[in-house]
Amino acid sequence: MNPNSQNIEQLRADFPILGRQIYNRPLVYLDNAATTQKPKCVVDAIADEYYNLNANVHRGVHYLSQQATELHEAARIRVKEFIGAHSEREIVFTRGTTESLNLLAFSLGEWLLGEGDEVIISTMEHHSNIVPWQMLRDRKGIVLKVIPVDDRGDLLLDEYEKLFTERTKLVSVAHVSNVLGTINPVDEMAEIAHDKGCLIIVDGAQSVPHMPINVEQMDCDFLVFSGHKMYGPTGIGVLYGKESLLSQMPPYQGGGEMIKTVSFEKTTYEELPYKFEAGTPDYVGSHALAIAIDYLEALGMDNIARYEDELLRYAMEQMQTIEGMKIYGESDKKDAVISFNIEGIHHLDLGTLLDRLGVAIRTGHHCAQPVMQRFGVEGMARVSFALYNTKEEIDAFIAALRRVQKMF
Ligand code: PMP
């Protein structure tokens, strides 16, 4: 089904929460970059698995354990197909983008990076793609370099190229900024990184749910993303990595599942991807994530991207009619995320008053304080769209903005 204004109500019916009232007003949920709502098929899959076939995976010879294992491993193959990976051995399940990035910082920190080696990130990174590298800097003395952003919210690619030296080993960048909405040219950035002999990690937390992604085409070495931002459950995420790299990297956590043999003298590790999956995995979450992927693919990622782009354009147009509106991030290549401030109104007051009118938005630093510093503000308000939002909801948001503005 292609989301459009004709069938959107039918599609919205898949998401029971969207029918809720907040302070006796219909919910207008515009905080999708933080997390998306879940279709009934995803929630039903979770309930069904707990009710009917719950058992720990990879261990039991019994029927339930085998069934649960089959679902868990089928989910891995589903994720592999969804992002165009080469092999399911390249798909590691984690708790989310943050854990995937911490795993990479630790494991690449052990294997690839030594004192004085350089890692390039960008000004528009989420804290989860900054802090793990700073922790590694404290442990090992690596050097962090930062790609600057221009006033429209685009990365300065010339400056990016200039950052490389013979000590640069790794680039780690967001595909889509969760503040500015900028869609970074990661294909081109990967080509540049590889030309310089470096690896590249792409943070796909804000892109994988909204556009077709193919890791082979992008030629990233690693891609990380979260289930909960793509209509799946919270607590499950993915680390994709090229097999040739993952196979050389040391494990991140130790414990059950990730070993072949253990004795007090020596332990040997499992094959990929289990080497990186210590402990009981979220096998219910992985299956429910596969159901979310089925849901997305039935709609078509191209169709979702096109529909959300319509919403973005409409919202940008409407928002620009509000007096005192300042929008941060006006790249030509922009995803459905709009951060803004309105002159004379603190973003927190704005969020609180909009909430009273049933409109849920995000306010604050959006876990990206360096972007706030770049644009000289302490915080911003943000609306972000998903496949179930409508132009009518944008109208309701704009009407609510005008009402709040009148109060000041
Ligand atoms: N990177 C980006 C670009 C994000 O938007 C987010 C979530 N806001 C994260 C990383 C972290 O994701 P999670 O909290 O699901 O680990």
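Predicted model: local features only at pLDDT ≥ 70, side-chain atom pairs only at ≥ 80, totals over all residues.
Angles under 35 degrees count as roughly parallel, over 145 as roughly antiparallel, 65 to 115 as roughly perpendicular, and the rest as oblique.

Numbering runs from 1 along each chain as its sequence is written, and side-chain values use heavy atoms, with hydrogens and water left out.

**Stop 1: the ligand**

A residue is near it if one of its heavy atoms lies within 4 Å. The shell is Thr97, Thr98, His126, Ser128, Asn178, Asp203, Ala205, Gln206, Ser226, His228 and Lys229. Colour by class: one residue is nonpolar, eight are polar and two are charged. Here Ala, Val, Leu, Ile, Met, Phe, Trp, Tyr, Cys and Pro count as nonpolar, Asp, Glu, Lys and Arg as charged, and the others, Gly among them, as polar.

Now look at polar contacts (pairs of N or O atoms within 3.5 Å). Pick Asp203: a side-chain N or O atom is 2.5 Å from a ligand nitrogen. Pick Ser226: a polar side-chain atom sits 2.7 Å from a ligand oxygen. Pick Lys229: a side-chain N or O atom is 2.8 Å from a nitrogen of the ligand. Taken alone, the ligand exposes 390 Å², and the protein buries 86% of that; areas come from the Shrake-Rupley method with a 1.4 Å probe.

**Stop 2: α4 and α5**

Helices (H or I, at least four residues) and strands (E, at least two) are DSSP runs, numbered from the N terminus. Axes are lines fitted to C-alpha atoms, for helices over the stretch in contact, with angles from 0 to 180 degrees between N-to-C directions. Select 97-111 (α4) and 131-140 (α5): the axes come within 9 Å and cross at roughly 25°. The two are therefore roughly parallel.

**Stop 3: α2 and α10**

Select 40-52 (α2) and 283-299 (α10). Their axes come within 9 Å and cross at roughly 150°. This pair is therefore roughly antiparallel.

Step to the loop between β12 (267-269) and α10, where Pro273 lies. Leu272 and Pro273 are joined by a cis peptide bond, with omega about 0°.

**Stop 4: α12 and α14**

Select 347-356 (α12) and 391-407 (α14). They pack at about 120°, axes 10 Å apart. α12 and α14 are therefore oblique to each other.

**Stop 5: Tyr23**

Finish in the loop between β1 (21-22) and β2 (25-26), the place of Tyr23. Check its phi: near 50°, a positive value in a residue other than glycine.

Notes
Polar contact = N/O pair within 3.5 Å; in protein donor to acceptor, adjacent residues only side chain to side chain.
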